[in-house]
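This report covers one structure, shown below.

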Amino acid sequence: MVAYHAGIGLGLVTALRGARIRLARGECSIPKALIAKEFPYHKLGNDDPKSDLTEKENEILKDAVQQMVQAASSHLTEARELQSNIPKHARPCFLPVVPALHYL
């Protein structure tokens with residue numbers, strides 16, 4: 001169970017860390033289920049200054065990112081709380097959880 005929560009949390013943190021670069025390329029690492037349907041994906045990655053996101057569209061992205069942060073934080077905190085169930089020799093495997101929590 002600890003590995004499940006740690007894996008999900010670390011995966012979400014990785015997606016968040018790469019979101020800015022991927023958005024600049026026109027890709028989106030934020031799940032579409034978290035973004036409003038009216039979001040203009042065609043504006044992502046364009047070099048055209050007229051296609052910049054509006055303030056409302058930026059808010060839609062910020063809300064989706066915040067939901068991802070909350071989910072990742074929840075999973076990583078759960079993994080941290082369950083770490084006592086892990087044998088001492090296996091605990092170093094979960095060290096990446098610490099900087100991920102600080103990143104969030």
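Helix 2 (residues 55-81) has 27 residues and should span 39 Å at 1.5 Å a residue, which agrees with the 38 Å between its end C-alpha atoms. The expected span is 1.5 Å times one less than the number of residues. Helices are DSSP runs of H or I with at least four residues, strands are runs of E with at least two, and both are numbered from the N terminus.

The model is predicted: local features need pLDDT of at least 70, side-chain atom pairs count only at pLDDT 80 or more, and totals for chains, interfaces and linings use all residues. Residues are numbered from 1 along each chain as its sequence is written, and side-chain values use heavy atoms, without hydrogens and water.

Among the buried residues of helix 2 are Ile60, Leu61, Met68 and Leu76; buried means under 20% relative accessible area, exposed over 50%, partly exposed in between (1.4 Å probe, protein chains only). Their cover includes helix 1 (2-24) and helix 3 (97-103).

Serine 29, in the loop between helix 1 and helix 2, is buried, with a relative accessible area of 17%. Leaving aside residues up to four places away in sequence, serine 29 touches Ala15, Gly18, Ala19, Arg22 and Met68 (contact: heavy atoms within 4.5 Å).

The protein chain has three helices and zero strands. Its overall values are as follows.

| Property of the protein chain | Value |
|---|---|
| Radius of gyration, over C-alpha atoms | 17 Å |
| Box of C-alpha atoms along the principal axes | roughly 55 × 20 × 20 Å |
| Buried share of the 104 residues | 31% |

Key: The radius of gyration is taken over C-alpha atoms; the globule rule is 2.2 Å times the number of residues to the power 0.38.
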